[in-house]
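Hi everyone, thanks for coming. Please have a look at the structure on the screen, and I'll walk you through it.

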Amino acid sequence: MPADATAAPPPAAPRPAGHIRLTSHSGGLGAPPLHWGAATPAERGPVVGTTISRGHRNVIGTHSGSYSVYRALAVAAGALSRDHRADLTDTSPTDRIGPHPQWSDPARIVSLDPWGATVGEVFAAELAAGYDIRPTIAVTKAHVVLPEVADAIARGRLEPDGHVLLANGAALVTKAAIEPVWHLPGVAQRFGCSETDLRRVLFEETGGMYPELVTRSDLEVFLPPIGGQTLYIFGDPGDLADPAVELTARVHDECNGSDVFGSDICTCRPYLTHAIEECVRGAQHGGVGLVAYSRKEGRALGEVTKFLVYNARKRQVGGDTADQYFARTECVAGVQDMRFQELMPDVLHWLGITKIHRLVSMSNMKYDAITGSGIEVGERVNIPEELIPADARVEIDAKTAAGYFTPGPVPDAEELAKAKGRGLEA
Ligand SMILES: [Zn+2]
């Protein structure tokens, strides 16, 4: 450890070239206090993850999730000044979300900063005083154009109204991007482990990436280097918090192969586009629609693991069968799933949601997490049979047999043992 690391850096002091300033010692003389779950932003305090003024930092990690590493590369390559501060002129949200009562319940939201979209407004004084406070949420508007929606119009299932859905097939949305901000005591509570154990395992399993996890117990907030979430809202975002307005919602976990490239081994894109069609229709009938998209590729196992599992499934003796679907994943990954829906409802509480009238999901894990967090769920909307690709039959049979919601029959052991997946060379 360098000798200078034991000295507390002065607030906003420029770092001397050639020296590495460790972050594992208390040195935040100018760091604003954070009181997670406080009722007002003034009492809560701003999240300061800047790397410019080390003394101002009151969190572990830095902004932008996994992209913080690219930012470091840009600095290393000389393309970005390490002292660059964002000019936030004209970047404020197009739509105001909240504040909602859920924001001041420290146990209700533990994985995002509810004030993250409005830092320019609620922490204007701190920004003016020189604190580098960055938005962790951005809200904007867009038109989304999908061939499946155009097809629904052509087949008469959807009708453009010039308001929610334009004649050219574009759906009008409000969209929000959200970076993860974890309150470690709350995250530990969600997963039923001690905060000490959570901190230690996060430190060890990232190869010691953030020493403060184990040396700075006074820092309770962590900006993890993981993917965030994107929300697509159809209709008035203000209606999401009104339980009297019918809400159609899907919480979707990223699947690049299907969502973007149309790979047919799973139902991800067809279910996603079906949800968007339902959201558009709901918004046109006086309701509001929401798709919450989480960057949790391949059940949060990552795409390399996912593709290895595909090969293992299709090369196993007897072919690709539903009764071996979860076992093959577990063989490669050690677990069947790492998405852990425990944190997923936070974004719904950020939006003020108390009731989802139509949940476009068959996942019992998502359903249990949402209802367990206190949100009422009405109807559950399954993917229509005709939208299930032939090669995805293995997945849907395995999931319904494992407890996924289905209005139809649950396949029995004999049915699950039938090879239904395509071979690798087919
Ligand atoms: Zn998929």
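Let me begin with a question: is A300 buried, partly exposed or exposed? A300 is partly exposed, because its relative accessible area is 31%. Those words have cut-offs: buried means under 20% relative accessible area, exposed means over 50%, and partly exposed is in between, with a 1.4 Å probe and protein chains only.

Before going on, a word on where this comes from. This is a predicted model, in which local features need pLDDT of at least 70 and side-chain atom pairs count only at pLDDT 80 or more, while totals for chains, interfaces and linings use all residues. Residues are numbered from 1 along each chain as its sequence is written, and side-chain values use heavy atoms, with hydrogens and water left out.

Now the whole chain. The protein chain contains 17 helices and 10 strands; these are DSSP runs, with helices being H or I of at least four residues and strands being E of at least two, numbered from the N terminus. Its radius of gyration is 23 Å, close to the 22 Å from the globule rule for 426 residues, so the chain is as compact as a globular protein of that length. That radius is taken over C-alpha atoms, and the rule is 2.2 Å times the number of residues to the power 0.38. Along the principal axes, the C-alpha atoms fill a box of roughly 70 × 55 × 40 Å.

How much of the chain is buried? Of the 426 residues, 47% count as buried. The accessible surface comes to about 19,600 Å², and carbon and sulfur atoms hold 55% of it; such areas come from the Shrake-Rupley method with a 1.4 Å probe, and for residues only the protein chains shown count as cover. As for contacts, meaning heavy atoms within 4.5 Å, residues 24 or more positions apart make up 71% of those with a separation of 6 or more.

On to a record. UniProt, in an unreviewed entry, places the feature "domain: GTP cyclohydrolase II" at residues 241–381. Positions from UniProt are given in the numbering used here, feature names are shortened, and annotations may be inferred rather than shown by experiment. In the model, that stretch is 43% helix and 17% strand, with its end C-alpha atoms 21 Å apart.

Let's go back to where we started. A300 sits in helix α11, and its phi is near 65°, a positive value in a residue other than glycine. R299 is found in helix α11 too, with a positive phi near 55°. R299 is buried, because its relative accessible area is 13%.

R295 is partly exposed, with a relative accessible area of 36%. Which residues does R295 touch, not counting those up to four places away in sequence? They are G227, G228, Q229, T230 and E254. The C-alpha atoms of R295 and K399 are separated by 21 Å, and the two residues are 104 apart along the chain.

K399 takes us to helix α16, where it is one of the buried residues. Just after α16, G403 takes a positive phi of about 120°.

Next, the loop between α2 (68–76) and α3 (119–122), where P99 is found. A cis peptide bond joins G98 and P99, with omega about 0°. H84 has its place in the loop between α2 and α3 as well, and at 44% relative accessibility it counts as partly exposed. Leaving out residues up to four places away in sequence, H84 touches I52, R71 and R134.

One last stop: E148, in helix α5 (residues 147–154). At 26% relative accessibility, E148 counts as partly exposed. Beyond its neighbours within four places in sequence, E148 is in contact with R157, R269 and T273. From E148 to G169 is 21 residues in sequence and 9.6 Å in space, C-alpha to C-alpha.
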